[in-house]
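I opened this model to look up a few local features and then the overall make-up. My notes follow in the order I took them.

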Amino acid sequence: VGAIDVHPGTLVQMSTSLTTITQLDPIHVSFTLPESTLGALLAAQKQGNVEVRVNPGSGSGNSDQEAEPVVGRLSFIDNAVDPQAGTIRVKGEFGNGDTTLWPGQYVTANVVVQTLKNAVVIPQTAIITSTNGTFVYVLGEGNSARQVPVQRAYAFGDRAAVTGLKGDERVITEGKQNLRPGSKVRLASQGAKPAAPAAAKKGEQA
């Protein structure tokens, strides 16, 4: 129950409310997602409950609050995309018996729509598209460029999960336009100028 806003002597009408009552357990968190994620979101919902995680306190910039994330489930997807913002409104439902979440509180929300086990993640800038498909250059023996075909399994932001790599390769991310298979390259930390300058970065495994 919220604060009582009516006191003796207050001018009231039929529409005047005495106070507000808010349900705390379960509680719903409303947020928006880019419309580009709608397809993955709907596909995940068809598979069952979609996990939503929120971090209390992180949305207001209170970095000193290291609260554990609260886990809930996706409970609502709006039936229309906001054409001006390019976003879709969604809600997550959370058990809140310990009142970790509070009405009006800012939180950071994350939705898990897919889990790729043992995926190799590389910068999207390393991927080259040609008439023969997509590939990357990796650092081979003798600091030479080697071409490896890859396929995007999932892409988000500046990263992409790909197939075709083992995960221990050094992927070349800069100077790709100067490379051909067998071209000599150097690491960005080295000082000598190569014939085909390029920077290499090791693939990450998530």
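**Entry 1: Leu116 and its loop**

I started at Leu116, in the loop between strand S5 (107-112) and strand S6 (120-123). Strands here are DSSP runs of E, at least two residues long; helices are runs of H or I, at least four long; both are numbered from the N terminus. This is a predicted model: local features need pLDDT of at least 70, side-chain atom pairs need 80 or more, and totals for chains, interfaces and linings take in all residues. Residues are numbered from 1 along each chain as its sequence is written, and side-chain values use heavy atoms, with hydrogens and water left out.

I then found Leu116 in a nonpolar surface patch with Tyr154 and Phe156. Together they have about 280 Å² of accessible area. Areas come from the Shrake-Rupley method with a 1.4 Å probe; for residues, only the protein chains shown count as cover. A patch takes residues with over 30% relative accessible area and no salt bridge; nonpolar side chains (Val, Leu, Ile, Met, Phe, Trp, Tyr) are joined within 5 Å, like charges within 9 Å.

Asn118 lies in the loop between S5 and S6 as well. Its phi is positive, about 55 degrees, although Asn118 is not a glycine. Asn118 counts as exposed because its relative accessibility is 63%.

**Entry 2: other backbone points**

I noted Thr99 next, in the loop between S4 and S5. Phi of Thr99 is near 50 degrees, again positive in a residue other than glycine. Thr99 is partly exposed, at 37% relative accessibility.

Where is the cis peptide bond? I found it joining Asp25 and Pro26, with omega about 0 degrees. Pro26 sits in the segment before S1.

**Entry 3: Gly182**

Gly182 is in the loop between strand S12 (170-174) and strand S13 (199-202). At 46% relative accessible area, Gly182 is partly exposed. Which residues does Gly182 touch, leaving out those up to four places away in sequence? I get Ser144 and Ala145, where contact means heavy atoms within 4.5 Å. Asn143 is 39 residues from Gly182 in sequence, and their C-alpha atoms are 8.8 Å apart.

**Entry 4: cores**

In soluble globular proteins, nonpolar side chains tend to be buried together. I looked for cores: sets of buried Ala, Val, Leu, Ile, Met, Phe, Trp, Tyr and Cys residues joined through side-chain atoms within 4.5 Å. The largest has 16 residues, and Leu74, Val90, Phe94 and Leu101 have the most contacts inside it. At least two residues each come from strand S1 (27-34), helix H1 (38-46), strand S2 (51-56), strand S3 (70-82) and strand S4 (87-94). S1 gives the most to this core, four residues.

I checked Val90 in detail. Beyond four places in sequence, Val90 touches Val29, Ser30, Phe31, Leu33, Leu41, Leu74, Phe76 and Ile77. Another core, of twelve residues, lies apart from the largest one; Val136, Ala160, Val162 and Val171 are among its members.

**Entry 5: salt bridges**

How many salt bridges does a search of the whole structure find? I count two, each a side-chain nitrogen of Lys or Arg within 4 Å of a carboxyl oxygen of Asp or Glu.

- Arg53 pairs with Glu51, with the closest N and O atoms 2.7 Å apart. Arg53 is partly exposed at 33%, and Glu51 is partly exposed at 29%.
- Arg73 pairs with Glu93 at 3.7 Å, N to O. This pair links distant parts of the chain: Arg73 is in strand S3 and Glu93 in strand S4, 20 residues apart. Arg73 is partly exposed at 33%, and Glu93 at 24%.

**Entry 6: whole chain**

Of its 206 residues, 31% count as buried. The accessible surface is about 13,400 Å², and 50% of that belongs to carbon and sulfur atoms. Among contacts between residues at least 6 apart in sequence, 62% join residues at least 24 apart.

Mean pLDDT, the predictor's confidence in each residue from 0 to 100, is 83 for the chain, and 87% of the residues score at least 70. Over residues 192-198 the pLDDT is below 50. That stretch still has 19 contacts in the model beyond near neighbours in sequence.

Note on methods: Buried < 20%, exposed > 50% of the residue type's maximum accessible area, 1.4 Å probe, protein only.
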